[in-house]
Amino acid sequence: MTDRAAYLTALIGRPWSPAESCWHLVRQVQRDLFGRDLPEVEVPADPSWQWIVDAFVGHPEEYARWRLIPETSGIITAAGGALVLMSRARRAAHIGVWLRSPAGVIHADPVAGVVLDSPVALRARGWARLHFYEPA
């Protein structure tokens, strides 16, 4: 059993890179904390915004094995380990993992590196829409 606090502390602050992208972090956290294997995605060295949006839109994982859990009046009912797709406009372009304890979304930000942000902080960073997905 992984010491969750020590595990998360070791992740926070790691820098973003194509080999340590938001998807790579999601795969690692899902595997290590929730026992779920997610498919590999090769991220280019300098991914364009369009490449990122297209990768999310065309990725089969979103609908094949996960179901959307809507927020109700701003209350998050998703279980810990839910995927959190984030969008600035209509299409998702970033992903993280919802943790219930400590409450927040762990994600790999290209500027800040690996961080644990509350939904309020994510929205303040410009991620206007958060979509929570649990395993189907």
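Figure 1. Strand β4 and strand β5 (residues 113–117) pair in the antiparallel sense over five bridges, where two strands count as paired if DSSP finds at least two bridges between them. A hairpin of three residues links β4 to β5. Trp98 also stands opposite Val105 in β4. Strand β3 (residues 92–100) pairs with β4 in the antiparallel sense, again over five bridges, and these two strands form a hairpin with two residues between them. Strands (E, at least two residues) and helices (H or I, at least four residues) are DSSP runs, numbered from the N terminus.

Figure 2. How many of the seven residues of strand β4 (residues 103–109) are buried? Six of them are buried, so the strand is largely enclosed by the rest of the structure. A residue is called buried under 20% relative accessible area, exposed over 50%, and partly exposed in between, with a 1.4 Å probe and protein chains only.

Figure 3. Helix α2 (residues 22–34) has 13 residues and reaches 17 Å from its first C-alpha to its last, close to the 18 Å expected at 1.5 Å a residue. The expected span is 1.5 Å times one less than the number of residues in the helix. Which residues of α2 are buried? They are Cys22, Trp23, His24, Leu25, Val26, Gln28, Val29, Gln30 and Leu33. Gly35 follows α2 and has a positive phi, near 65°.

**Figure 4. The nonpolar cores.** A nonpolar core is a set of buried Ala, Val, Leu, Ile, Met, Phe, Trp, Tyr and Cys residues joined through side-chain atoms within 4.5 Å. The largest such core has 22 residues, of which Leu11, Leu25, Val26, Val29, Leu83, Ile95 and Ile106 touch the most other members. At least two residues of this core come from each of α1 (4–11), α2, β2 (83–87), β3 and β4. Helix α2 gives the largest share, six residues. Apart from this core lies another, of 13 residues, among them Ile69, Ile76, Trp98 and Phe132.

**Figure 5. The surroundings of Leu25.** Leaving out residues up to four places away in sequence, Leu25 touches Leu11, Arg14, Ile106, His107, Ala108 and Val114. A contact here means heavy atoms within 4.5 Å.

**Figure 6. Leu38 in its loop.** Leu38 lies in the loop between α2 and α3 (49–57). Is this residue buried or exposed? At 5% relative accessibility, Leu38 counts as buried. The C-alpha atoms of Leu38 and Gln28 are separated by 8.8 Å, and the two residues are 10 apart along the chain.

**Figure 7. Confidence along the model.** The protein averages a pLDDT of 85, and 85% of the residues score at least 70. This score is the predictor's confidence in each residue, from 0 to 100. Confidence is lowest in helix α4 (residues 61–64), at a mean of 62, and highest in β5, at 96.

**Notes to the figures.** Residues are numbered from 1 along each chain as its sequence is written, and side-chain values use heavy atoms, with hydrogens and water left out. In this predicted model, local features need pLDDT of at least 70 and side-chain atom pairs count only at pLDDT 80 or more, whereas totals for chains, interfaces and linings use all residues.
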